[in-house]
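Here's a short tour for anyone meeting this structure for the first time. Have a look at the sequence and the 3D view, then read on.

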Amino acid sequence: MSTALDLAPLTEWGLPSVARPIVIAGPCSAETEEQVLTTARGLQRLGISIYRAGIWKPRTRPGSFEGVGSVGLRWLQRVRAETGMLTAIEVANGKHVYEALRARIDILWVGARTTVNPFAIQELADVLSGVDVPVLVKNPVNPDVELWVGAIERLNKAGIRRIAALHRGFSGLEKSPLRNEPQWQIPIEVRRRFPTLPMFCDPSHISGRRDLVADIAQRAINLDYHGLMIETHCRPEEALSDAAQQVTPEQLGVILGRLVAREADGTDSDYQRRLSELREEIDRLDGDVMSVLARRMEVVEQIGRIKRENNITVLQTSRWDQIVRRVHLRGTEYGFSPEFVDTVFKAIHQESINKQQRILDGLA
Ligand code: PEP
Ligand code: MN
């Protein structure tokens with residue numbers, strides 16, 4: 001169970017506008033003062049009001065560019081003074097927070113490699129205790145809702161009320177054109193638990209490729225996200241980190257210009273009526289799905305009893321294999337993806353095995 005969060009609404013974040021999408025843009029890493037300022041001027045021309053840049057970069061392997069360090073904070077101060085944009089950086093430990101606050105950085109974010117580590121999150125929570133700064137919490141690298149929620153709860157307990165989730169995708173084993181799988185159902189679950197928690201999307205780290213950024217950004221808008229963080233560099237191909245996914249300020253302008261805004265909920269009465277009719281139908285169908293599953297489970301139970309009487313193992317691999325083949329064939333006819341069929345039937349099979357185990361053990 002999640003505890004309720006004590007959240008300040010976005011209108012209390014001190015942002016120039018909370019019109020959706022709220023856009024945070026800027027380079028993956030601050031590299032030189034010139035790069036930071038040239039990029040910022042390009043973004044200012046687009047009307048972007050929050051500037052991001054990584055100062056300390058968590059890299060997978062040593063020897064990659066690990067950020068310019070504290071000197072970059074002065075460049076961000078110049079961005080703020082010259083353009084009036086708010087500034088945002090990533091913090092991963094107490095020293096980062098201390099330096100960021102001393103440099104009057106406006107917004108902090110916690111990176112995916114930090115969210116996985118409750119020790120690191122607790123350290124951040126301890127130093128942030130009593131500090132009134134907005135914090136965006138990226139999802140952990142691995143698809144674990146609890147780690148993400150836990151990090152948000154820890155920071156909120158420390159008194160951070162201006163807090164938002166930032167969805168940047170999850171590393172996976174499957175081959176995919178995307179750098180990090182979005183697994184949209186995970187941020188959806190976070191929002192189900194905390195309906196007033198603002199949700200941002202980072203399409204740059206999800207896609208890993210600049211030509212896919214726009215599509216992911218639109219999907220986030222379709223899912224009613226509050227904002228976007230998009231890596232932007234004045235000369236992306238020369239970037240010292242994440243060169244393939246950064247866009248120029250001009251390209252960002254095109255991406256944002258093409259985004260189709262969606263209403264969180266329509267007020268039009270025809271729309272409302274059609275939607276509620278369709279939702280009633282979904283509720284009925286969900287009921288049907290459950291009752292078919294319950295009937296299937298009764299048959300599973302009868303089979304379990306026969307197996308017990310005849311002292312037969314719960315699992316017959318060849319039979320399971322037969323089921324898998326059949327449902328995949330049927331699934332294709334219905335236009336289901338193989339992953340979907342796999343997930344559904346593995347879950348059904350697991351529940352059936354659990355039931356038969358209990359019968360064999362004489363517990364059911
Ligand atoms: C970043 O925003 O540049 C970054 C390092 O992101 P992530 O923590 O999502 O990998
Ligand atoms: Mn990056």
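## A salt bridge inside a helix

Let's start with Arg192, which forms a salt bridge with Glu189. The closest N and O atoms of the two are 2.8 Å apart. Keep in mind that this is a predicted model.

Where do Arg192 and Glu189 sit? Both lie in helix α7, which covers residues 185–193. They are three residues apart, about one turn of the helix. Side chains of opposite charge can pair when their charged atoms come close. In total, the structure holds 27 salt bridges.

## Around ligand 1

Which residues are found around ligand 1? The list includes Cys28, Arg52, Lys57, Glu90, Trp109 and Gly111. Also among them are Ala112, Arg113, Lys138, Arg168, His205 and Glu231.

Some of these residues come with distances to look up. A polar backbone atom of Ala112 is 2.8 Å from an oxygen atom of ligand 1. For Arg113, an N or O atom in the side chain is 2.8 Å from an oxygen atom of the ligand. With His205, the distance from a side-chain N or O atom to an oxygen atom of ligand 1 is 3.4 Å. On its own, ligand 1 has 300 Å² of accessible area, and the protein covers 97% of that.

Technical notes
Residues are numbered from 1 along each chain as its sequence is written. Chains are lettered from A and ligands numbered from 1 in the order in which they are written. This is a predicted model: local features need pLDDT of at least 70, side-chain atom pairs count only at pLDDT 80 or more; totals for chains, interfaces and linings use all residues. Side-chain values use heavy atoms; hydrogens and water are left out. A residue is near a molecule or strand if one of its heavy atoms lies within 4 Å of it. A polar contact is a pair of N or O atoms within 3.5 Å; within protein, one must be able to donate a hydrogen and the other to accept it, and residues adjacent in sequence count only if both atoms are side-chain atoms. Accessible areas come from the Shrake-Rupley method with a 1.4 Å probe; for residues, only the protein chains shown count as cover. A salt bridge is a side-chain nitrogen of Lys or Arg within 4 Å of a carboxyl oxygen of Asp or Glu. Helices (H or I, at least four residues) and strands (E, at least two) are DSSP runs, numbered from the N terminus.
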